[in-house]
Amino acid sequence: MDCIFCKIIKGDIPSKVAYEDEYCYAFHDINPQTPTHILVVPKEHIPSCDGISAENSIYVAKIFEAIPKIAAAEGLANGYRVITNCGDDACQTVKHLHFHLMGGRKLPENMG
């Protein structure tokens, strides 16, 4: 598999880790759009939201359990945004399900 996020999870490509457990891996985006911009990805390769099933949805549930912990550790007490893109029309550039955790300043309503 030639998935960049799978390679990051395995440690083949270095990343600045924000959080890790048995289900998810979170790392700082190399091209941040906000002061805090972290990508949270399942450790199992799921191509997009369209690939979520009864067999792998535990990964998504665990990610959403981890996100508040990551946000708190990053000092996002005033709020944050969680964004995911699904498919080409949504500009999903990496075909591995991932969530952008963004914050650190007041975000515009039309960003996302």
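Colleague: How far apart are the mean positions of the positive and negative charges of the protein?

Modeller: Lys and Arg count as positive and Asp and Glu as negative, while His and the chain ends are not counted. Each charge is placed at NZ of Lys, CZ of Arg, CG of Asp or CD of Glu. For the 10 positive and 14 negative charges of the protein, the mean positions are separated by 7 Å.

Colleague: Happy to have that. What kind of model is this?

Modeller: Residues are numbered from 1 along each chain as its sequence is written, and side-chain values use heavy atoms, with hydrogens and water left out. Local features need pLDDT of at least 70, side-chain atom pairs count only at pLDDT 80 or more, and totals for chains, interfaces and linings use all residues, since the model is predicted.

Colleague: In what order do the elements of the protein run from the N terminus on?

Modeller: Helices (H or I, at least four residues) and strands (E, at least two) are DSSP runs, numbered from the N terminus. The protein has two helices and five strands. From the N terminus on, their order is α-β-β-β-α-β-β.

Colleague: What radius of gyration does the protein have?

Modeller: The radius is taken over C-alpha atoms, and the globule rule is 2.2 Å times the number of residues to the power 0.38. Those C-alpha atoms fill a box of roughly 35 × 30 × 25 Å along the principal axes. A compact globule of 112 residues would come out near 13 Å, and the protein agrees with its 13 Å.

Colleague: And what share of the residues of the protein count as buried?

Modeller: Buried means under 20% relative accessible area, exposed over 50%, and partly exposed in between (1.4 Å probe, protein chains only). Of the 112 residues of the protein, the buried share is 39%.

Colleague: Among contacts between residues at least 6 apart in sequence, what share join residues at least 24 apart?

Modeller: Contact here means heavy atoms within 4.5 Å. Of the contacts in the protein between residues at least 6 apart, the share joining residues at least 24 apart is 52%.

Colleague: Let's go to single residues. Which backbone nitrogen does the side chain of Asn-56 reach?

Modeller: Asn-56 lies in the loop between strand 3 (36-42) and helix 2 (57-73), and counts as buried because its relative accessibility is 7%. Polar contacts are pairs of N or O atoms within 3.5 Å; within protein, one must be able to donate a hydrogen and the other to accept it, and residues adjacent in sequence count only if both atoms are side-chain atoms. The Asn-56 side chain reaches the backbone oxygen of Gly-51 at 3.1 Å. At 2.7 Å, this side chain also reaches the backbone nitrogen of Ser-53.

Colleague: Why does Pro-42 count as buried?

Modeller: Pro-42 lies in strand 3. Leaving aside neighbours within four places in sequence, Pro-42 is in contact with residues including Ile-9, Tyr-23, Tyr-59, Ile-63 and Leu-97. Pro-42 is buried because its relative accessible area is 0%.

Colleague: What separates the C-alpha atoms of Phe-27 and Val-17?

Modeller: Phe-27 sits in strand 2 (residues 24-28), and is buried at 5% relative accessibility. Not counting residues up to four places away in sequence, Phe-27 touches Val-17, and among its other partners are Phe-5, Ile-8, Leu-39 and Val-41. Phe-27 and Val-17 are 10 residues apart along the chain, and the distance between their C-alpha atoms is 4.3 Å.

Colleague: Is Cys-91 buried or exposed?

Modeller: Cys-91 lies in the loop between strand 4 (80-83) and strand 5 (99-103). Its phi is positive, about 65°, although Cys-91 is not a glycine. With 56% relative accessibility, Cys-91 counts as exposed.

Colleague: One more, please: how far apart in space are Asn-78 and Tyr-19, C-alpha to C-alpha?

Modeller: Asn-78 is found in the loop between helix 2 and strand 4. Asn-78 is exposed, with a relative accessible area of 84%. Asn-78 and Tyr-19 are 59 residues apart in sequence, and C-alpha to C-alpha they are separated in space by 20 Å.
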